[in-house]
Amino acid sequence: MPTLDTMPPALSDAQRAALDMLMSRHSPWPLTEPAPSAPELDLVFQAALRAPDHGQLRPWRFIVIRGDARHALAKVFARAARARDPDGNAERFASKALSAPVLIALGVRIVHGHKVPASEQVLAVGAGVMNMLNALHVLGYGGFWASGLNSRDPLVRRELGLDAGDELIGFLYVGTPKDRSDRGAARPDPDACVSEWTGPAAP
Ligand SMILES: Cc1cc2nc3c(=O)[nH]c(=O)nc-3n(C[C@H](O)[C@H](O)[C@H](O)COP(=O)(O)O)c2cc1C
C-alpha cells in the first residue's frame, strides 16, 4: 500500500495536508481547557451537517453541555446510575460529565416506520460525528466518542430532551489534548480489512 511519502505521483501540498490530517486523527485523552470557542464549535457542527443523509431526514440532534451544565448532567448521570443499581458506584458515572470541558450528546431523531431504515438514520449521525472528530483535529482540539451505560439509559435521554423513540449514540468529549501523541489503538493493516471482488466464486 502506498503511504503519503511513497504515493506516486507527487501530491500537492494541499492534498498532502488534508490527507495527513485525516490519517493523524486519533482519540486523545485526557482533554483539558481551553475548549473550542463558540465560533469554532459552529464550524465543527457545519462539518457534521455535511454528512450523507438518506431521505434528507436530518436526524442530527447534537446537544452541547458546558460550564455549570456539566454539574447538572453529573447529577442526572448519578440519578440514572442509582436507579439502575442502588448499590453501584454512582459517582463513577457522575464524574464522566466533568471529565472534559465540553460534552456533546449525540442524539438521533429517528423517524420510525420510514422507508429509510432506522439503522441508516443512525449511520447519518455517525457519519456526522466522524466529520466533527476530524474538524476538531484540524482546529487543534481533540474529541473522544464514548457511549456506555449513561447513553443507553432512558432517564438520561429524557433529561437531555430527547424523545422516547430517539437514540443517544454516545457523548463526544471535547477539549484540548493534554498529550498530542497518538497512543491509541494500533491501526490495522489495510490488507486485513480490504479486498477486491472480481465476480462470484466459481461453483
Ligand atoms: C459508537 C462508539 C462508541 C464508543 N464508546 C466508547 C466507550 O464507551 N469507551 C471507550 O473507551 N471507547 C469508546 N469508543 C472508542 C473510542 O472513541 C476510540 O475510537 C478508541 O479509544 C480508539 O481510539 P482512536 O480513535 O485513536 O483509534 C467508542 C467508539 C465508537 C465509534
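**Close-up views of a predicted model**

The protein has 8 helices and 5 strands. Helices (H or I, at least four residues) and strands (E, at least two) are DSSP runs, numbered from the N terminus. This is a predicted model: local features need pLDDT of at least 70, side-chain atom pairs count only at pLDDT 80 or more, and totals for chains, interfaces and linings use all residues. Residues are numbered from 1 along each chain as its sequence is written.

**View 1. Overall fold.** From the N terminus, the elements run α-β-α-β-α-α-β-α-β-α-α-β-α. The C-alpha atoms fill a box of roughly 60 × 45 × 35 Å, taken along the principal axes. Of the 203 residues, 27% count as buried. A residue is buried if 20 or more other C-beta atoms lie within 10 Å of its own, exposed if 12 or fewer, and partly exposed in between; C-beta atoms are placed from the backbone. Among contacts between residues at least 6 apart in sequence, 78% join residues at least 24 apart. Two residues are in contact if their C-beta atoms, placed from the backbone, lie within 7 Å.

**View 2. The shell around the ligand.** His26, Ser27, Phe144, Trp145, Ala146, Ser147, Gly148, Ile169, Gly170, Gly184 and Ala185 surround the ligand. A residue counts as near the molecule if its C-beta atom, placed from the backbone, lies within 6 Å of it. Strands S4 (142-146) and S5 (167-177) each supply at least two residues of this shell. The largest share, 3 residues, comes from S4. By class, the shell has 5 nonpolar, 6 polar and no charged residues. Ala, Val, Leu, Ile, Met, Phe, Trp, Tyr, Cys and Pro count as nonpolar, Asp, Glu, Lys and Arg as charged, and the others, Gly among them, as polar.

**View 3. Packing of helices H2 and H5.** H2 (residues 38-48) and H5 (residues 118-138) pack at an angle of about 140 degrees, with their axes 7 Å apart. Axes are lines fitted to C-alpha atoms, for helices over the stretch in contact, and angles run from 0 to 180 degrees between N-to-C directions. H2 and H5 are therefore oblique to each other. Angles under 35 degrees count as roughly parallel, over 145 as roughly antiparallel, 65 to 115 as roughly perpendicular and the rest as oblique. Leu43, Val44, Ala47 and Ala48 in H2 meet Gly128, Val129, Asn131, Met132, Ala135 and Leu136 in H5. By class, this contact has 8 nonpolar, 2 polar and no charged residues.

**View 4. Trp60 and its surroundings.** Trp60 is found in strand S2 (residues 60-66). Trp60 is buried, with 20 other C-beta atoms within 10 Å. Leaving aside neighbours within four places in sequence, Trp60 is in contact with Ala48, Leu49, Val125 and Gly128. Trp60 and Asp163 are 103 residues apart along the chain, and their C-alpha atoms are separated by 13 Å.

**View 5. Backbone exceptions.** Most residues other than glycine have a negative phi, and most peptide bonds are trans. A cis peptide bond joins Trp29 and Pro30, with omega about 5 degrees. Pro30 sits in the loop between helix H1 (13-24) and strand S1 (31-32). The bond from Glu33 to Pro34 is also cis, with omega near 0 degrees. Pro34 lies in the loop between S1 and H2. In the loop between H2 and S2 is Gln56, with a positive phi near 45 degrees. Gln56 is exposed, with 8 other C-beta atoms within 10 Å. Arg58 is found in the loop between H2 and S2, and its phi is positive, near 50 degrees. Arg58 is exposed, with 12 other C-beta atoms within 10 Å.
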